[in-house]
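Have the structure open as you read.

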Amino acid sequence: MASNRPTAIFLSPHLDDIALSCGGMATRLSKMGARCIGVTVCAAPSPPNEILSSFAEMLHGQWESASGSDIEAINEVRRREEQAALKLLGLEAVWLDVPDAIYRRGSAGEYFYDSEEGIFGKVASEERRLLVPHITEEIRRVALESGAKGRVRVFAPLGVGNHVDHQLLFWAARRLGPRYGVLFYEDYPYASKPGALQARLENLQLPAQPRLVPITEQIGIKIAAISRYKSQLDILFGGSEAMPAEVRAYGHSVAGGSGEGRYAERFWHIPTVYSVTSVSALYW
């Protein structure tokens, strides 16, 4: 059924990126009455009965140690974490069937990304050719099935840090066209590393325009949502105790670093190839 409510679709490469990177915006829009949908793209479990790469096994070991779950259950654990976090933020959860980068193989059977350098390197040409358009069509399908009328606001990763799954979603979102009003979020915690954001913007060589969004009233909910990802906190922050202060510190720096207790998230508008008209307002 078609809906007159504004619709926002938040794209997440993995089971944690929305809360980490744009949890404040998601909460803000949902409380304003928008219908907010969280689309986790790389949500498929590891392929059954397949031997994982040594790199994938190492990552599984870290996740299992943090969550207390075995290899067969870790995907379900991460989905439950995501469901709890998105509920706090006011988002409906949608899972796509794309496996994480560490599981994907080429047509010849080789793993595309089997090392730390690999997952933060160049996207495989086979995936640029086949997987990017598939993801774009899946985003369009979700928007169509949502029943949204008129413009749909899409939030997608900018690709700071160069994780291949984040890069894939960036290019998939770039194919959507002006109806989707795409804004790109800064991938946290990668964006907190000195020089990482500027390096990404320089690498893209596109006319990106920043949009600053205050999230002072939403910072507590954002931190609460991030805390639901127990399997990831050791890897991302060295433990749950350090997380709140680090999230607040980055939000404060984005807000300009002045004024006690002020926090913000930053989004980037990049004009589409279909139109030279830029988006002049943050909302609809």
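## Backbone points in the loops

Gln-205 sits in the loop between α7 and β6 (209-214). Its phi is positive, at about 55°, although Gln-205 is not a glycine. Is Gln-205 buried or exposed? Its relative accessible area is 70%, and a residue counts as exposed over 50%, so Gln-205 is exposed. Keep in mind as you look around that this is a predicted model.

Asn-162 also has a positive phi without being a glycine, with a value near 70°. You will find Asn-162 in the loop between β4 (152-157) and α6 (164-174). With a relative accessible area of 31%, Asn-162 is partly exposed. The peptide bond from Tyr-188 to Pro-189 is cis, and its omega is near 10°. Pro-189 belongs to the loop between β5 (183-185) and α7 (196-204). As background, most residues other than glycine have a negative phi, and most peptide bonds are trans.

One more loop residue to look up is Gly-256, between α10 and β7. Gly-256 is exposed, because its relative accessible area of 56% is over the 50% cut-off. From Gly-256 to Ala-8 the C-alpha distance is 26 Å, with 248 residues separating the two in sequence.

## The largest pocket

Which residues lie nearest the centre of the largest pocket? They are Phe-120, His-163, Tyr-190, Ile-235 and Leu-236, from a lining of 25 residues. The volume of this pocket is about 550 Å³.

Four helices each give at least two residues to the pocket lining: α1 (17-31), α2 (54-67), α4 (116-119) and α9 (230-237). The largest share comes from α2, with five residues. Sorted by class, the pocket lining holds 13 nonpolar residues, six polar ones and six charged ones.

## A cavity inside

Rolling a probe the size of a water molecule over the atoms shows where empty space is left. In this model there is one cavity of 30 Å³ or more. The largest cavity has a volume of about 110 Å³. Its lining is made of 13 residues, and Ser-21, Lys-222, Tyr-250, Ala-264 and Glu-265 are the closest to its centre.

Where does the cavity lining come from? At least two residues each are supplied by α1, α8 (219-226), α10 (243-254) and β7 (264-269). The largest share, four residues, belongs to α10. By class, the cavity lining has seven nonpolar, two polar and four charged residues.

## The nonpolar core

In soluble globular proteins, nonpolar side chains tend to be buried together. Here the largest nonpolar core has 89 residues. Ile-9, Phe-10, Leu-11, Phe-155, Leu-158 and Phe-184 have the most contacts inside the core. Helix α1 provides the largest share of this core, seven residues.

Leaving out residues up to four places away in sequence, Leu-11 touches Ile-18, Val-39, Ile-139, Val-154, Phe-155, Ala-156, Pro-157, Leu-169, Ala-173 and Tyr-185.

## Confidence along the chain

How confident is the predictor, and what does the pLDDT average over the protein chain? The average is 89, and 91% of the residues score at least 70. Over residues 274-284, however, the pLDDT is below 50. In the model, this stretch has 31 contacts beyond near neighbours in sequence.

Methods
Residues are numbered from 1 along each chain as its sequence is written. This is a predicted model: local features need pLDDT of at least 70, side-chain atom pairs count only at pLDDT 80 or more; totals for chains, interfaces and linings use all residues. Side-chain values use heavy atoms; hydrogens and water are left out. On a 1 Å grid over the protein atoms alone, a cavity is a set of points where a 1.4 Å probe fits but cannot get out, and a pocket is an open set with protein on both sides within 12 Å along at least five of seven lines; lining residues have an atom within 4 Å of a point. Grid points are joined across faces, edges and corners, and a volume is the space filled by probe spheres set on the points. Ala, Val, Leu, Ile, Met, Phe, Trp, Tyr, Cys and Pro count as nonpolar, Asp, Glu, Lys and Arg as charged, and the others, Gly among them, as polar. A nonpolar core is a set of buried Ala, Val, Leu, Ile, Met, Phe, Trp, Tyr and Cys residues joined through side-chain atoms within 4.5 Å. Buried means under 20% relative accessible area, exposed over 50%, partly exposed in between (1.4 Å probe, protein chains only). Contact means heavy atoms within 4.5 Å. pLDDT is the predictor's confidence in each residue, from 0 to 100.
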